[in-house]
Amino acid sequence: MKQETKMKIGLGLYREQLTPDNYRFALQAGATHIVAHLTNYFAGKDPKIDSGTDGGWGDCSKDRLWTYEELSSLVRDVRAAGLELAAIENFSPRFWHDILLDGPARATQIEALKQLIRDAGRAGVPCIGYNFSLAGVYGWTRGPYARGNAESVGFGVDPAAAPDPNAPIPDGMVWNMRYRNGVEGARPASASNAEIWDRLARFLRELVPVAEEAGVVLAAHPDDPPAEELRGTARLVNRPEKYDRLMALVDSPCNGLELCLGSLQEMPGGDIYDHVRRFARSGRIGYIHFRNVRGKMPRYVETFVDEGDIDMAEIVRILRDENYQGVMIPDHTPAMACSASWHAGKAFALGYMRALVQNADALGSSRSVTHDMAAE
C-alpha cells in the first residue's frame with residue numbers, strides 16, 4: 001500500500017515581496033511554505049526574471065551579511081502568517097564573490113558564510129539554496145512564448161535580440177550583480193572547467209561540516225541556461241549526471257540539490273524521469289523548482305506548468321513513489337494578461353500543483369520505472 005503523500009507546496013518571494021499581503025496570498029492559493037530571496041535583485045523595479053542586461057540584476061555593493069536577528073525575524077513573520085519558511089534562496093554576490101572568483105578575500109568570505117549558516121540554523125532556516133556560477137543567468141530573451149502569447153522567456157529563440165553569450169563579465173560584477181565599482185582596463189573574469197569544479201569542491205568541503213552542525217541543507221541549483229560555457233566561464237551542473245558528481249564531492253545529506261525541473265529538461269541527454277527518481281531516492285533534494293519548458297539547449301522556451309515537454313503528473317507520481325516529503329515551488333511563471341499578472345501566474349501554477357499533490361495517490365502507477373529499478 002502506498003503511503004499518503006507528504007509533498008508540500010510553497011511559494012518563492014523576492015525580498016520586496018516579503019510582505020503580509022503576499023503571505024496571505026500564498027496561504028489563500030494553497031501554499032504552506034515560503035522560499036525567501038533576501039538578495040534584493042532589481043531593487044525598486046518589477047522583479048521579473050530576465051537576462052540582466054543594462055547593468056545586470058542590480059547593485060549589491062552595500063549589502064551586509066544577514067544577521068541572526070534578521071533571519072529569526074523572517075522565520076517569525078512567516079510563521080505568524082500561518083506558513084513555514086522552507087529555505088532562503090541565493091547568497092548575495094557581495095558575500096561570496098571572491099569564493100566564486102578565487103580572489104583575495106576568499107578566506108574572509110568563507111568564514112562569514114560559516115557564520116551565516118550557523119545563524120540560519122539557530123534561527124530555524126532549514127535550507128539555503130545557492131547557484132555556484134560566475135555568469136549567472138544570462139542570454140535569454142523575453143517574448144510571447146507561452147500559451148495565448150503570454151510573456152515568458154526563451155533561449156536561442158531570437159539570437160539577434162539576445163545578449164552576446166561571449167560578452168565578458170564586467171569587472172566588479174559576478175552572478176549578474178555589481179559587488180563593487182569596476183576598474184578600467186581590468187582583465188575579465190574567467191574560469192575553466194577544472195577551476196570551477198575545484199572552487200566548488202573547496203567551498204563544499206569547508207561549509208558542509210558547518211551546515212551539518214547547524215542542521216542546514218546547502219542546496220545547489222543547476223546551470224540556467226545549461227550551456228557548456230557562458231561569458232568566457234565554464235558552467236558547472238549543465239548535465240544531470242553532474243549533480244551526481246557534485247553530491248560525491250562531500251557525501252552528506254547537507255550537500256543537497258535545489259532541483260530545478262525546467263533546467264534539467266533543458267539539458268541535453270538523458271531521461272528526466274529517471275534522473276528525478278534517482279535524485280528523490282537519494283534523499284538529497286533540498287526543494288524543487290516545479291516548472292516546465294519546451295525544447296532543449298540550444299533552443300527552448302519556458303511555458304505554463306501544464307503545457308511543456310515534462311509530464312508533471314508523472315513527476316508527482318515519481319515523487320510519491322519515492323516518498324518525497326519536501327517542498328515544491330512554482331518558478332518563472334509566464335505573465336498572464338491582467339492587472340496582477342504575477343499573482344495570476346503564480347495562482348495558476350499553485351492551483352495546478354496543489355491538485356496534483358492532493359490527488360497523488362489517485363494518479364495511477366508511474367509509467368517511467370526503469371528496468372533496473374523495476375527489478376529491485
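How many residues does helix H10 have, and what does H10 reach from its first C-alpha to its last? Some notes on this predicted model follow.

1. H10 runs over residues 341–358, so to speak an 18-residue helix, and reaches 26 Å from its first C-alpha to its last, close to the 26 Å expected at 1.5 Å a residue. Its buried residues are Gly345, Lys346, Ala349, Leu350, Met353, Leu356 and Val357. They span an arc of only 125° around the axis, which puts them on the same side of H10.

2. What does that buried set of H10 pack against? The partners are strands S1 (8–13), S13 (285–290) and S16 (327–330), plus helices H1 (20–28) and H9 (312–321).

3. H2 (residues 68–80) has 13 residues and reaches 18 Å end to end by C-alpha, close to the 18 Å expected. Buried here are Leu71, Ser72, Leu74, Val75 and Val78. Down the axis of H2 they fall within an arc of 150°, so they line one face of the helix. The face turned away from that buried side carries exposed Glu69, Arg76 and Ala80.

4. The buried residues of H2 pack against H1, H4 and the strands S2 (33–36) and S3 (84–89). After H2 comes Gly82, with a positive phi near 90°.

5. H4 (residues 106–123) and H5 (residues 193–214) pack at about 25°, axes 9 Å apart. Because that angle is under 35 degrees, H4 is roughly parallel to H5. The crossing is right-handed.

6. At the H4–H5 contact, the H4 side includes Ile110, Leu113 and Ile117, and the H5 side includes Phe203, Leu207 and Val210.

Note on methods: Residues numbered from 1 in each chain as written. Predicted model: local features only at pLDDT ≥ 70, side-chain atom pairs only at ≥ 80, totals over all residues. Heavy atoms only, no water. Helix = DSSP H or I, 4+ residues; strand = E, 2+ residues; numbered from the N terminus. Expected span 1.5 Å × (residues − 1). Buried < 20%, exposed > 50% of the residue type's maximum accessible area, 1.4 Å probe, protein only. Arc of directions from axis to C-beta. Contact = heavy atoms within 4.5 Å. Axes fitted to C-alpha atoms, helices over the stretch in contact; angles between N-to-C directions. Parallel < 35°, antiparallel > 145°, perpendicular 65-115°, else oblique. Left-handed = near helix turned anticlockwise from the far one by under 90°.
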